[in-house]
Amino acid sequence: RYIGSFVGAAYLSGSGVLEDVQMLKWYSSAELCKISLCWKVKPRRAWRSGMDDTAIKVVFSDIDGTLVHYPKDFERYAELGEVVNGRASIRYSETGETRECRVLESLTGGKAYISERTIALVDEIRAEGVQFVLITGARSSTYDNRRPNLPKVDFEVFENGGRCIRNGEIDMQWTRRYENVVGDPSMATTVTPQLQDAAERVGPLWDLYRRLSKEGWALDARDYVTNFRVDVTKSTGKTTEDFEKLKDELKALNLATTFNLGKADIYPSKSGKANAASYVLRLLELTPEDSISMFDDDNDLELGALTGRAFLPGVSHPSVTAALRENPRWEVMPIEGFLGTEAALERILRAVKSANPLPAQKVLTAV
């Protein structure tokens, strides 16, 4: 005689999620008492790593402050050893934990460092079949100089989304989308091309550059193809409020601005990290739900909004702090710097591996 049933799910440590508990029935008679339990084992899903069920197929990662760190930021909690042959050791003061790092040069920002463990983790993520995209605000020459010491990846995006390397070559199809704003990009076929002086270039971006230069703003267009930088603090007689007023004019010029490393970058509104990431997703025939991002600064906010899921090894701008309150799927790592970067990459790697099917499904019956 059938008395009752139970349908639900349970967790099996170390092997997977027990789901679809199809039947737990109680039978009672003078001759028979039988309990039957049937289930199947389903692979562990990404939410066990703190994320939702959607598989990660592409990672978009900022560089400065995310994969790469500067002494001005980490000297509060870590000590830098002697640089020898482009390598240095970083030691966390409180725990004594150390990391061997590669040294990266910058045109204006000084030396930065990336841990060997970070490089290895990116390699492991890609070995699982996940696309990895570097996406940075760095100027062309800085990015070019750093490339040999950065992780090998599938796409490389720099100048705040303005330029893209695809299959090892500059993707001119992408940059031509806004040649009406930056001028003819056909000569910029190498990572660090020979460029005219910014004061002589054609297009609304460079018209604005010339105007701001006359007004006394401190500008930097060296080795930028699609972008120039404004240093508000070094602009004599100018204030943050003055720059805020300037921002209101940019939309009519098909331009946009964000802050990166404490300075304002101005670039085409069709550029930007989120637009570049959307382009990569279309090429890969993926959706934002297939992606996750890693970042830290103001110029990453639209990218984070696009991917939805994000890990932040740190926070470099007040706008990011404010945005965190509106984005519950963004998570700041509990430790700063190199270890925070590695923790984020390890979380992604675990999530990717957990999404891979187990060798076989099993049905177990207890009588």
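This is a predicted model: local features need pLDDT of at least 70, side-chain atom pairs count only at pLDDT 80 or more; totals for chains, interfaces and linings use all residues.
Q: Which residue in strand 17 is the bridge partner of R229?
A: Look for D265: it is the bridge partner of R229.

Q: In what order do the strands of the open sheet stand?
A: Follow the order 14-15-17-16, which takes you through the four strands of this antiparallel open sheet. Strand 14 (218-220) and strand 16 (255-260) have a single partner strand each, so they stand at the edges, with one side of each left without a neighbour in the sheet. From one strand to the next, the twist averages 30°.

Q: Which strands does helix 6 lie across?
A: Helix 6 (residues 204-214) lies across strand 14, strand 15, strand 16 and strand 17, and it runs at about 25° to strand 15. Helix 7 (residues 240-250) also packs on the sheet, where it touches strand 15, strand 16 and strand 17. The direction of helix 7 makes about 145° with that of strand 16.

Q: What describes two packed helices?
A: The angle between their axes and the distance between the axes describe them. On the helix 6 side the contact is made by L208, R211 and L212, and on the helix 7 side by L246, E249 and L250. Sorted by class, this contact has four nonpolar, no polar and two charged residues.

Q: At what angle do the axes of helix 2 and helix 11 cross?
A: The axes of helix 2 (residues 116-127) and helix 11 (residues 337-354) cross at roughly 15° and come within 10 Å. That angle makes helix 2 roughly parallel to helix 11, and the crossing is left-handed. Residues that meet here include L121 and I125 in helix 2, and L345 and L349 in helix 11. By class, the contact has six nonpolar, two polar and five charged residues.

Q: Is K273 buried or exposed?
A: Under 20% relative accessible area counts as buried, so K273, at 3% relative accessibility, is buried. K273 is found in helix 8 (residues 273-284). Leaving aside neighbours within four places in sequence, K273 has contacts with several residues, among them D62, N160, N299 and D300.

Notes
Residues are numbered from 1 along each chain as its sequence is written. Side-chain values use heavy atoms; hydrogens and water are left out. Axes are lines fitted to C-alpha atoms, for helices over the stretch in contact, and angles run from 0 to 180 degrees between N-to-C directions. Helices (H or I, at least four residues) and strands (E, at least two) are DSSP runs, numbered from the N terminus. Angles under 35 degrees count as roughly parallel, over 145 as roughly antiparallel, 65 to 115 as roughly perpendicular and the rest as oblique. A crossing is left-handed if the near helix is turned anticlockwise from the far one by less than a right angle, and right-handed if clockwise. Contact means heavy atoms within 4.5 Å. Ala, Val, Leu, Ile, Met, Phe, Trp, Tyr, Cys and Pro count as nonpolar, Asp, Glu, Lys and Arg as charged, and the others, Gly among them, as polar. Buried means under 20% relative accessible area, exposed over 50%, partly exposed in between (1.4 Å probe, protein chains only). Two strands pair if DSSP finds at least two bridges between them.
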